[in-house]
Amino acid sequence: MSGQTYFITGGNKGIGFELVTQLAKANDENVIITTTRSPERAIELYELAKKFTNIHVIDLDVGDLKSIDTIEAQLNKIGIKGIDIYISNAGIFQSTDPILKTDADVFLKHYAVNTLGPFLVFQKVYKYLLTKETRKVIFISSASGIITKSYPLTLTAYGQSKAALNYSVIQLSKELASENFIVVPVNPGAVSTEAAKESIASLEATNPEFHKAILTRLITPEESVRGLISIISGFGAKDSGIFYDYDGEVLPF
Ligand SMILES: NC(=O)c1ccc[n+]([C@@H]2O[C@H](COP(=O)([O-])OP(=O)(O)OC[C@H]3O[C@@H](n4cnc5c(N)ncnc54)[C@H](OP(=O)(O)O)[C@@H]3O)[C@@H](O)[C@H]2O)c1
């Protein structure tokens, strides 16, 4: 089967690293362009890119406009003419403080990285997606952004940023329907990445019941990404604008 070209943000660790690994191994005709904020943060990723020459690593901070402006030059440098699938994965979860105790800069940082960054990056890769017929645009969102669901912990800035992401994904799916784009927000599940394990561990003292419950639902990055790759490869026009869990279940907004 001929390969596809992917652009995946935040490939140096966690779910992003696993997406890069599985897609690079799946087909040596796949081309995976992925990003890191700095080479020092991506030792393992650069090692992987030595083994799998279909991986290309570029520098990108999705919360920094100047950095986003360098995407085109970096893609030109590695000779990329088209992209089949954009996966916006980079994200942060840095606070469980209640609204009254959350500083403005915490809200702003989550908004810049989790909500605005994914779309500003999309503005840069849009013309590369237009050169192909695949035109899949996938946003790694979170069930934390479901506004009708409440969790026994405060997800404040993070939940808000993912709910806002979903809002704009729905709009984008409508804006681009006439150009046959498939635009889908997905929840990767509760995934045992280093970042998630730290946040979950902190719940043991404050919320032991929820801590126990979440541990039973925790899945590995391998399992999450196997599910994500399977649903993404099956997405068609009818899926655009629908929120999917990694196992294919439809989620509410
Ligand atoms: N793990 C879960 O249970 C879970 C559940 C629901 C949704 N998600 C979502 O899944 C995605 C990946 O999460 P993860 O668990 O794999 O987290 P992670 O291990 O912390 O990885 C996050 C990735 O995003 C990158 N990143 C952070 N800020 C960035 C910025 N300003 N510019 C560019 N890259 C940046 C990180 O790079 P650095 O190394 O430079 O920080 C890293 O590559 C996120 O969008 C997250 O919200 C995760």
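## Lys-238 and Asp-239

Lys-238 is exposed, at 66% relative accessibility. Exposed means over 50% relative accessible area, buried under 20%, and partly exposed in between (1.4 Å probe, protein chains only). Asp-239 counts as buried, at 5%. Lys-238 and Asp-239 form a salt bridge, with their closest N and O atoms 3.2 Å apart. The term salt bridge needs a side-chain nitrogen of Lys or Arg within 4 Å of a carboxyl oxygen of Asp or Glu.

## Basis of the values

This is a predicted model: local features need pLDDT of at least 70, side-chain atom pairs count only at pLDDT 80 or more, and totals for chains, interfaces and linings use all residues. Residues are numbered from 1 along each chain as its sequence is written, and side-chain values use heavy atoms, leaving out hydrogens and water.

The whole structure holds six salt bridges. One of them joins Asp-84 to Lys-132, with the closest N and O atoms 3.4 Å apart. This pair links distant parts of the chain, 48 residues apart. Asp-84 sits in the loop between helix H4 (71-77) and strand E4 (85-88). Lys-132 sits in the loop between helix H5 (104-130) and strand E5 (136-140). Helices (H or I, at least four residues) and strands (E, at least two) are DSSP runs, numbered from the N terminus.

Asp-84 is buried, at 5% relative accessibility. Lys-132 is partly exposed, at 27%.

## A pair within helix H2

Glu-47 forms a salt bridge with Lys-50. Their closest N and O atoms are 3.3 Å apart. Both residues lie in helix H2 (residues 43-51), three residues apart, or about one turn of the helix. Glu-47 is partly exposed, at 43%. Lys-50 is exposed, at 62%.
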